[in-house]
Amino acid sequence: MQEIIVASHQANQRFDKLLKKLLPKAEQGFLYKMLRKKNITLNGKKAQGNEILSLGDHVQFFFSEETFLKFGGHSAYSADNVLRPYLEAYASLKDIAIVYEDANIILCNKPAGVLSQKAREGDISVNEWLIGYLLRSDQIDAEVLSSFKPSVCNRLDRNTSGLMLLGKSLSGSQHLNRWIKNRDIRKFYRLFVFGKVTKPFRVKGYLTKDERTNQVRISERQLPGSDRIETACKPLKIYGDISYLEVELITGKPHQIRAHLASLGHPLIGDYKYGRREINETFRRAFGVESQLLHAYRLEFPLIEEEEFSDLSKSVFYAPEPDVFDTIRRTYKV
């Protein structure tokens, strides 16, 4: 018999979901058969699989260790070659800074040029960095990774810098994802655009993404497959023919800020996908700008009543802007 006691990172999820994580090589039908035959029990009793787990629950498997390892592949989790990519990512991505951390979540400041999540095999991203950091600081181990993987909860484009929300625990991931989905967390960005923006404005539209080209198109009316978007902009200062803005994402869709402002005649400086090449080349030569000047600057949390997350209630977090932002503000001349 094998027994697992439900830990904090495993609680508050359906029993069948945990079983699939523990035994990823087993078919769903096999798992339900084992439940029906009481070869898998919960707290010593027959279970259906739809129970919500609590901290300290006992899960028992009445089959051999060989069978357990066959369907779970747990021996692979202890192998160095499985953990090594996470540790290497943590060692490699040294410029990621932790802005806030508690038992459930991390807020980090991602530099431009780093992926939020890997796009293909062999990539390293904030996701791998997070697991590597938690392994290196002894907050998780190989056994934890067999049933739960900490992960990013919001994504920034590779070349957008700034604040990201990361779930350390299952509870942290669930709460962050719910707050993001409900738009409870307010997200503000700092950026430079071409043209003079003299007063605040709030605009709505519809965004359609072309998966083949990884580009989006903005329209004033809804089209098949389009998503409603809303963006609020506030000018902070005008420097000649460019404006320094703060933007709040009311909705959060891929490339929303970049495409929405470009559609209004104010493309982001350094944005070669939606911007103006001649302007971008000027800033590349003068300031070494290779990508859009877009920074996730501030996050504002809502009132939170759960004791577990009380430290976050109505909190505001900032990520310092990249040095090039200050350089442009001090030295740019038309």
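A pocket, as I use the word, is an open set of points on a 1 Å grid over the protein atoms alone, where a 1.4 Å probe fits, with protein on both sides within 12 Å along at least five of seven lines. Its volume is the space filled by probe spheres set on the points, which are joined across faces, edges and corners.

This is a predicted model, so local features need pLDDT of at least 70 and side-chain atom pairs pLDDT 80 or more, while totals for chains, interfaces and linings use all residues. Numbering runs from 1 along each chain as its sequence is written, and side-chain values use heavy atoms, without hydrogens or water.

First, the chain. It has 11 helices and 14 strands, taken as DSSP runs: H or I of at least four residues for helices, E of at least two for strands, numbered from the N terminus. The C-alpha trace spans about 75 × 40 × 40 Å along its principal axes. Of the 334 residues, 51% are buried, meaning under 20% relative accessible area with a 1.4 Å probe, protein chains only.

Now the largest pocket. Its volume is about 1,200 Å³. At least two lining residues come from each of α8 (170-181), β8 (186-194), β12 (242-249) and α9 (256-263).

Last, helix α6, residues 126-136. Is α6 mostly covered or mostly open? Mostly covered, with 10 of its 11 residues buried, including W129 and Y133. After α6 comes D138, with a positive phi near 60°.

Technical notes. On a 1 Å grid over the protein atoms alone, a cavity is a set of points where a 1.4 Å probe fits but cannot get out, and a pocket is an open set with protein on both sides within 12 Å along at least five of seven lines; lining residues have an atom within 4 Å of a point. Buried means under 20% relative accessible area, exposed over 50%, partly exposed in between (1.4 Å probe, protein chains only).
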